[in-house]
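Visitor: I have a model open on my screen and would like a guided walk through it. Could we take it one question at a time?

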Amino acid sequence: MAYDSFNILKSTAVPLPIENVDTDQIIPARFLKATERVGFGDNLFRDWRYNPDNTPKADFVLNDPTYRGKILVGGKNFGSGSSREHAAWAIYDYGFRCVISSFFADIFRNNCLNIGVLPVQVSADFLERIFAEIYADPNTELEVNLPEQTVTLLATGEKESFDINSYKKGNMMNGFDDIDYLLNMKSDIEEFSKTLPL
Amino acid sequence: MSKTLFDKVWDAHVVRKIEGGPDVLFIDRHLIHEVTSPVAFLGLRNRGIRVLYPERTFATADHNTPTIDQDKPVQDPLSANQLKALEENTKEYGIRHWGLGHYKNGIVHVIGPENGITQPGATIVCGDSHTSTHGAFGAIAFGIGTSEVEMVLSTQCIMQPKPKKMRITINGTLGKGVLPKDVALFIISKLTTSGATGYFVEYAGNVFEQMTMEGRMTVCNLSIEMGARGGMIAPDQTTFDYIKDREFSPKGADWDKAMAYWKTLKTDEDAVFDKELVFDGSEIEPMITYGTNPGMGIGITDEIPSAEQVEGGKATYEKSLGYMGFHEGEPMMGKKIDYVFVGSCTNGRIEDFRAFASLVKGKRKADDVTVWLVPGSHVVEEQIKQEGILDILTEAGFTLRQPGCSACLAMNDDKIPAGKYAVSTSNRNFEGRQGPGARTLLASPLVAAAAAVTGKVTDPRTLLK
């Protein structure tokens, strides 16, 4: 599925300084029953966001109008657990285009890259600085620059670079997905399948 | 150059290496289920492309399925719709489908090995993180997202960078009442829930060599719970004996050829790992978790550690204990239990029910505990009956449900009510995993059995003969 290309994102950010946020929290299993990719944003962080009677929990950050933006900033080991791509879909569908953390779970990171959400891994110290700046001024803006591979706190100019492999970077900047690439090498794949040991 | 087991299997499947990018990896076997496949089929349809090798994909319904009255229509319309979508998609694209009611139906990671689909040296993926289970056979097996399910359907390949390699070696003799689940929970408690992220793990040492295939599957299944992409164990005679004569295992001359290849699948003596860890098997005790991730586990007779002793921020730790209704320094022993769940791709195999039955035999289910015993497949269900285990269970006051993922992730009606405590043999104790507000204590089938007959957290060693 194609997605919007990603180049430079300037935005305020939503802080979620909890560690080990697992994909069951991002989107609980009971909301995985769709056969189409629609409406997942409504259930993003469902059980942290709503009471059992569906009223919003006032103390959860997504219900606090102070914080908004296209960047979600999470604690260490963000996206652990289940492989459900629905977690990345819910984040995208809600309106986030980038998640910043000091550490990501593998499958979640892959899923994000495959659907157009940029996972940006920063140092633990810089993550602390980002949280501190957001709490000091919720209107503070961050710049995530994919071509340069940098994150900048615009108010102070503090900057850190992040890693992404050049293939995935190209995909994100152009809105391409892996299937386009694989379909173009199908004859190679068919040849290769004849050389397998078993 | 010397290679690890992982290198040998991975390298044999690389179709193309992309400079500064991932490897294009050929996938031998693809397992699909109703929850993570529909959008992938939708993608195929939108692009107007076919499934490249339909015979390499196997479908089962498991995540959503009810565990009672499976012969009747599925009540939940959304679940029924997903099951119908799987049936229609597999029919349209010519994929083998063992749906609800089929005698081969069951949890995807139980039926793969049962039918000989899982083989050493293979690359196996599924839109489910516990695909790591199949690594028990010396396969590279891991969970993928739905975009990747679409890639495998359309091109039989995915694109991923090669992970780093870790070896976890455990030698020694396991104590009485210590099961493979305890070994896995012990490892995860040492590494934390993210300690193996970025790595593919090989398990080595006599503790794993002496395990049955069921035990090895439990260990490899839980690799993802410390962040590892997967875990694997070198195939040996135990592996070959398990695979022989199953429906999709090689036969005749193909078997001999396969065996010759499979016997080469072990780590070379001087191969180098990015990280090596060694533990002593005799130190492992029956384990139980007290928090909201699988790394928060302790020996069953230990006390809940303080925030300072646990990796992760204090706020996260307090949120976790607050959710569980537990406090630092408390013992786990004696805590009252409301539910017991035995099942899942982690512990829903015959050996798990044998272990459970061995403890409850001649005892009675505690009155105030609800116990859900859910076999991983119809084959397991049948074995339970044939081995006389069902008689033992019935006599002790237990009933058996029908196969499926069930309360492990509570997508069907098998939900633990809010605030209730469940000792579960499944794989995740995340907030709300077994139902909104449910509180999960992960443990082995023996610890589950001890809770089922006493109604509280009990050391199974005190009840074993």
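Visitor: Is Thr192(B) buried or exposed?
Guide: Keep in mind as we go that this is a predicted model. A residue counts as buried when 20 or more other C-beta atoms lie within 10 Å of its own. Thr192(B) has 20 other C-beta atoms within 10 Å, so Thr192(B) is buried.

Visitor: Where in chain B does Thr192(B) lie?
Guide: Thr192(B) follows H6(B) and has a positive phi, near 75 degrees, although Thr192(B) is not a glycine. Most residues other than glycine have a negative phi. As for its place, Thr192(B) lies in the loop between H6 and strand S10 (199-204) of chain B.

Visitor: How many residues of H6(B) are buried?
Guide: H6(B) has twelve residues and reaches 17 Å from its first C-alpha to its last, close to the 16 Å expected at 1.5 Å a residue. Among its buried residues are Pro180(B), Asp182(B), Phe186(B) and Leu191(B). H6(B) is mostly covered, and the number of its buried residues is eleven.

Visitor: Which elements give two or more residues to the side of domain 1 of chain B that touches domain 2 of chain B?
Guide: Chain B is divided into domain 1 (5-276) and domain 2 (290-459), and their centres, taken over C-alpha atoms, are 24 Å apart. Across the boundary, 38 residues of domain 1 of chain B are in contact with 37 residues of domain 2 of chain B. On the domain 1 side, the elements giving two or more residues are helix H4 (108-114), helix H6 (180-191) and helix H8 (213-221) of chain B.

Visitor: Which element gives the largest share of the side of chain B that touches chain A?
Guide: Between the chains, 63 residues of chain B are in contact with 51 residues of chain A. The elements giving two or more residues to the chain B side include strand S1 (14-17), helix H3 (77-93), helix H5 (146-155) and helix H11 (314-324) of chain B. By class, that side divides into 25 nonpolar, 29 polar and nine charged residues. The largest share, seven residues, comes from H5(B).

Visitor: How far apart in space are Glu382(B) and Ile300(B)?
Guide: Glu382(B) is found in helix H14 (residues 378-386) of chain B. With 13 other C-beta atoms within 10 Å, Glu382(B) is partly exposed. Glu382(B) and Ile300(B) are 82 residues apart in sequence, and in space, C-alpha to C-alpha, the distance is 32 Å.

Visitor: What is the radius of gyration of chain A?
Guide: Chain A has eight helices and eight strands. The globule rule gives 16 Å for 198 residues, and chain A comes close to that, so it is as compact as a globular protein of that length. The radius of gyration of chain A is 18 Å.

Visitor: Where in chain A is Asn54(A) found?
Guide: Asn54(A) is not a glycine, yet it has a positive phi of about 70 degrees. With 8 C-beta neighbours inside 10 Å, Asn54(A) counts as exposed. Asn54(A) is found in the loop between helix H2 (46-49) and strand S3 (71-74) of chain A.

Note on methods
Residues are numbered from 1 along each chain as its sequence is written. Chains are lettered from A and ligands numbered from 1 in the order in which they are written. This is a predicted model: local features need pLDDT of at least 70, side-chain atom pairs count only at pLDDT 80 or more; totals for chains, interfaces and linings use all residues. Helices (H or I, at least four residues) and strands (E, at least two) are DSSP runs, numbered from the N terminus. A residue is buried if 20 or more other C-beta atoms lie within 10 Å of its own, exposed if 12 or fewer, and partly exposed in between; C-beta atoms are placed from the backbone. Domain bounds come from an automatic or database domain assignment. Two residues are in contact if their C-beta atoms, placed from the backbone, lie within 7 Å. The expected span of a helix is 1.5 Å times one less than its number of residues. The radius of gyration is taken over C-alpha atoms; the globule rule is 2.2 Å times the number of residues to the power 0.38. Ala, Val, Leu, Ile, Met, Phe, Trp, Tyr, Cys and Pro count as nonpolar, Asp, Glu, Lys and Arg as charged, and the others, Gly among them, as polar.
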